[in-house]
Amino acid sequence: MCDRDPPTPPDDRSDEALVAALNAGDTSAFDAVYYRYRDWVVHLAHRFTGSADDALDVLQETFAYLFRKFPGFVLTARMTTFLYPVVRNLSIAARRKRQRHAGDDLTLAPDASASAPPHAEQSRDELAVVLAGLPDTHREVLLMRFVDEMALAQIAQALSIPEGTVKSRLHHAIAALRNDPRVREYFEC
Amino acid sequence: MAGFDPNPDATDQDLPPRLRDAIARMHRVEVPVPVELDQTILADAKRSFLGRRRAWMLIGRLSIGIATAALVAIAVRVFVAAPSSHPPTAMVQPPKLYQIADVNHDGRVDILDAYIVARTIARHEPLDPAWDINGDGVVDQKDVDLIATLAVRAAREPPQ
């Protein structure tokens with residue numbers, strides 16, 4: 001899903017090639033990396049923060065963080081695996097800052113990751129309510145798998161947990177959905 | 001980005017397609033990114049990158065220069081230098097060239113003097129005309145190299 005097409009044609013170099021080019025001083029590779037992951041970062045940030053303004057701030061901070069690592073950056077995982085915890089942590093910080101400034105005395109969820117979408121209350125979407133009822137750690141893995149389309153190994157690396165733990169959390173999340181009468185229809189053929 | 005992997009690791013690791021799509025649609029909220037923000041992010045990145053790259057190149061050059069000078073000094077000391085009758089702290093009036101090359105005025109010419117001049121050049125800071133060691137009218141890398149050479153010679157024997 002692309003909010004706005006990049007101004008230059010897509011660059012078909014791999015992430016590794018782009019990183020190598022940047023380390024060698026090819027600043028045009030910044031554009032390629034940025035536009036390749038911009039929308040992914042901003043969508044993820046919005047999911048965490050629930051605010052478009054905060055998501056844009058996180059977008060800027062995320063890429064400032066990434067680009068400060070050049071020259072000399074070594075990509076040891078997929079770019080989304082590397083960026084996920086960065087976006088997550090910046091989003092949590094942004095959300096806390098907004099709540100402090102708003103004088104909101106609502107307690108932050110134990111894990112602000114993967115909170116329910118902003119429209120859940122308004123739309124009374126049962127699926128959204130069911131998802132919001134999942135434990136944060138289970139919901140996060142579920143969304144990383146099916147919204148961010150990350151493989152189990154990537155999720156494990158991004159969250160710094162064993163792959164077995166990822167599978168376990170995913171299993172429990174799916175089982176909870178399957179056993180919930182409000183969304184059981186999705187499991188019926 | 002890579003598409004969804006239809007081959008999960010286990011049968012209980014997947015969702016029905018309809019549910020998967022519903023969850024994905026729910027979380028893909030459109031967030032327009034202003035073009036000005038794109039430009040700001042990229043401009044900031046390139047600007048700070050170029051500054052860091054210059055610093056890295058300088059560090060690389062200096063590292064090579066310092067390492068080379070150190071190796072030469074060690075080799076000379078081990079294989080060539082004869083014991084000098086002058087103790088290291090002897091008060092010997094150094095020739096004018098060594099006086100000029102002693103940039104930090106610590107009484108000796110060493111690689112630190114070369115580094116000071118190199119760093120000042122790299123930072124585009126004002127250069128002391130007195131650092132024109134080779135007398136060609138300009139303070140540049142050639143003067144840095146000459147200071148390094150003098151430092152090696154000074155390590156071999158005190159200047160006369």
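**Ground rules**

I'm working with a predicted model, where local features need pLDDT of at least 70, side-chain atom pairs count only at pLDDT 80 or more, and totals for chains, interfaces and linings use all residues. Residues are numbered from 1 along each chain as its sequence is written, while chains are lettered from A and ligands numbered from 1 in the order in which they are written.

**Entry 1: the two chains**

I started with the secondary structure. Helices and strands here are DSSP runs, numbered from the N terminus (H or I, at least four residues, for a helix; E, at least two, for a strand). Chain A has nine helices and zero strands, so I wrote its pattern down as α-α-α-α-α-α-α-α-α. Chain B has five helices and zero strands, and reads α-α-α-α-α along the sequence.

Next I looked up burial. A residue is buried if 20 or more other C-beta atoms lie within 10 Å of its own, exposed if 12 or fewer, and partly exposed in between, with C-beta atoms placed from the backbone. In chain A, 39% of the 189 residues are buried. In chain B, buried residues make up 19% of the 160 residues.

Then I checked contacts, meaning residue pairs whose C-beta atoms, placed from the backbone, lie within 7 Å. In chain A, among contacts between residues at least 6 apart in sequence, 62% join residues at least 24 apart. For chain B, residues 24 or more positions apart account for 64% of the contacts with a separation of 6 or more.

For the classes, Ala, Val, Leu, Ile, Met, Phe, Trp, Tyr, Cys and Pro count as nonpolar, Asp, Glu, Lys and Arg as charged, and the others, Gly among them, as polar.

**Entry 2: H1 of chain A**

Just after H1(A), I spotted A:Gly25 with a positive phi of about 105°.

**Entry 3: H2 against H4**

I followed H2(A) to H4(A). Their axes come within 9 Å and cross at roughly 40°. Axes are lines fitted to C-alpha atoms, for helices over the stretch in contact, and angles run from 0 to 180 degrees between N-to-C directions. That makes H2(A) oblique to H4(A). Angles under 35 degrees count as roughly parallel, over 145 as roughly antiparallel, 65 to 115 as roughly perpendicular and the rest as oblique.

On the H2(A) side, the residues in contact include A:Tyr37, A:Trp40 and A:Phe48. Their H4(A) partners include A:Met79, A:Leu83 and A:Ile92. The contact has eleven nonpolar, three polar and two charged residues.

**Entry 4: H8 against H9**

H8(A) and H9(A) pack at an angle of about 110°, with their axes 8 Å apart. That makes H8(A) roughly perpendicular to H9(A). A:Leu152, A:Ala153, A:Ile155 and A:Ala156 of H8(A) make the contact with A:Glu163, A:Val166 and A:Lys167 of H9(A). I sorted the residues into five nonpolar, no polar and two charged.

Which peptide bond is cis? The bond from A:Phe70 to A:Pro71 is, with omega near -10°. A:Pro71 is found in the loop between H3 and H4 (79-102) of chain A.

A:Glu149 has a phi of about 55° and lies in the loop between H7 and H8 (152-159) of chain A. With 16 other C-beta atoms within 10 Å, A:Glu149 is partly exposed. B:His105 also has a positive phi of about 55°, in the loop between H3 (96-101) and H4 (111-122) of chain B. B:His105 counts as exposed, with 8 C-beta neighbours inside 10 Å.

Note on methods: Two residues are in contact if their C-beta atoms, placed from the backbone, lie within 7 Å.
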